[in-house]
Every structure is written in C-alpha cells, then in structure tokens.
Amino acid sequence: MGQALWRLPPRHQQHLQDKLDEQMNDEGGGAAGRRELGKEQHGFIDLEMLPPELGVAILSYLNATDLCLAGCVWQDLGNDEYLWQGLCKSTWGHCSIYNKRLPAGFSYRRLYLQLDEGSLTFNANPQEGISYFMSKGILVDHPTELAKFIFYTRRLNWKMLRIYLDERRDVLDELVTLHNFSNQFLPNALRYFFRHIHAPEERGEYLETLITKFSHRFCTCNPGLVQDLGLSPDAVYVLCYSLILLSIDLTSPHVKNKMSKREFIRNTRRAAHNVSDDFVGHLYDNIYLIGHVAA
C-alpha cells in the first residue's frame, strides 16, 4: 500500500524528496538520516514526516477505499480530523454542512466517505445522488447551494450533470452567475463556460438555453467591452453560434473544404451587423490557433 501511494510523476516525487531533505537538514538528520529512512521504507518517503499540505495533496489522488487503507497503515493520519477536513474541502469545495454548527462527535472522515458515496450515486442517477446528500444534511435544497456544490466539485460525471441541469433550470441559472468572464476574449470565455457546463452533443433547445444564458452573463461581466464594440446579448448569441460552427468546420476531418477567414467574416457580419471586421477576424484566428470552443 505504501508503494501504491507514490505512483506519482517523477517530477512530483523529486519535489517531495527535496522538501523532506530540507526538513531533515533542519532537524539535524542530514543525508544519513535520509538514507536510514530510505532503508526502512524501501526507497519511499514516510508520509507522516511530510508537511500537512503535501500530505493532503498526495492523498487527494486516492479514492475512498485507498484512503481507508492508508488510514490503517498510518494510524495517526487515519485519525487526523484536520487532514480529512482538507481532503473534503479540496475535492468538494462547497457543501452546505461546512457553514453549519457541527454537532459533538462530528467526523470529517465519515463526511468524506459520505461525499464519496453521494458522488458515486450522482454519477449513476443525479436525482438520487442529490437526495442522498440532502438526507445526510450535506446539502440544502436551494438553487444557490446546489449550484455552488456543482461549481466547486471535481467528481461529478459531466453527462449526468448535463441531465440534472437540463431538469433543474433554476440551478443552471445560479451556476451561470458563478462564472466571471471579465476581461476575457469571447472564445476563451466560451471555452471556460463549456468546461464547467458541458455542451450537448447535438443542437437543440438545451444548447440554445446555454448560449442565451452565457451571452447575457458575458455582457454583464464586460460592460465596457459591450459599449466599445457595440455588442448586445443578441449579438454575442450570434457570435457564439458562429464560433461553434467554425470550430466544427476547422476541426472536423469530414470537412474537406475549410472555411476561410474571409468567408467567416462575411457570413458573420451578415448576422451581426454592428461588429467590426477586425473583431470577427480575431475570433477566427483564435479558433484556428487554439481549437474548438466546446471540445
């Protein structure tokens, strides 16, 4: 089990080894102490000797089963509530229970296992997953709380999340408002948006809803840009669709005759009259150089 914890990239291993060397030198152990430790651990660092923040970073790569096994190997770590609190908040950044007065005997280790169980349930059935979180007192049934939980959580399956948001438009509205697109170029902002709220694989009402909400939020976050370029939510909506179509055109191997920059400017300006040729040209360059906005 100790070796399984250290299947990290060599660069990370070296960084951790350097940290340990510094710590042992400060304590007077020096290279001899490090060699002795290496003999005892068969070349692997004792996790208990690392600073807490490094321990949390390492253990965050493990799933709940491996963490429980790690707690059996390193007894002090298994009973360290500060460690389990850090693991909970680094993986599930926002939960309603974090802001509650915790009862006597509350265990972050048990909370971690419940969060892991709820996430697995969500990834199989979103409604059952959310119901599980609520039954354990982890979440409250409020759109803002649910949106923050989704926004700051790394372990939710994007396909299940898309299904859930399509059913809970009130949560989707709150989730959109958590995005800050200030001073972002339009294609980059759209990529950032679709990294959190994945675009559907086909065009339809849900995609139109996402783009509409994004367009209004983008304009709200960039009032100066809107004024300088003469943009509006409707104009941003048209540009977003143009960017998606251009992304497909330039990245799809099935499209042999790629759209040229001149063609993109001409086609886009027909739908968005107030946008300058230079701005539309920069949009084309971004897709050409960086790639799909919804990949």
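Tutor: Accessible areas come from the Shrake-Rupley method with a 1.4 Å probe. On that basis, the accessible surface of this protein comes to about 15,900 Å², and 50% of it belongs to carbon and sulfur atoms. The model is predicted.

Student: What makes up the secondary structure of the protein?

Tutor: The protein has 17 helices and 0 strands.

Student: Why is the contact between Arg-169 and Glu-205 called a salt bridge?

Tutor: The cut-off is 4 Å between a side-chain nitrogen of Lys or Arg and a carboxyl oxygen of Asp or Glu. For Arg-169 and Glu-205 the closest N and O atoms are 3.0 Å apart. That value is within 4 Å, so the pair counts as a salt bridge. Arg-169 lies in helix α11 and Glu-205 in helix α13, so the pair ties together parts that are 36 residues apart in sequence.

Student: Why is Arg-169 called partly exposed?

Tutor: Buried means under 20% relative accessible area, and exposed means over 50%. Arg-169 has 24%, which is in between, so Arg-169 counts as partly exposed. Glu-205, at 48%, also falls in between and is therefore partly exposed.

Student: How do you know that Lys-213 and Asp-173 form a salt bridge?

Tutor: Their side chains meet at 2.3 Å, N to O. This is within the 4 Å cut-off, so the label applies. Lys-213 lies in helix α13 and Asp-173 in helix α11, so this pair ties together parts that are 40 residues apart in sequence.

Student: Are Lys-213 and Asp-173 buried or exposed, or in between?

Tutor: Lys-213 has a relative accessibility of 21%, and the limit for buried is under 20%, so Lys-213 counts as partly exposed.

Student: What makes Lys-261 and Asp-285 a salt bridge?

Tutor: The closest N and O atoms of Lys-261 and Asp-285 are 3.1 Å apart, which is within 4 Å, so the pair qualifies. The pair links distant parts of the chain, with Lys-261 in helix α16 and Asp-285 in helix α17, 24 residues apart. Lys-261 is partly exposed at 33%, and Asp-285 is partly exposed at 27%.

Student: How many salt bridges does the structure hold?

Tutor: The structure holds 8 salt bridges. Asp-141, Arg-168 and Asp-170 are linked in a network of salt bridges.

Student: What share of the residues is buried?

Tutor: Of the 295 residues in the protein, 42% are buried.

Note on methods
Residues are numbered from 1 along each chain as its sequence is written. This is a predicted model: local features need pLDDT of at least 70, side-chain atom pairs count only at pLDDT 80 or more; totals for chains, interfaces and linings use all residues. Side-chain values use heavy atoms; hydrogens and water are left out. Helices (H or I, at least four residues) and strands (E, at least two) are DSSP runs, numbered from the N terminus. Buried means under 20% relative accessible area, exposed over 50%, partly exposed in between (1.4 Å probe, protein chains only).
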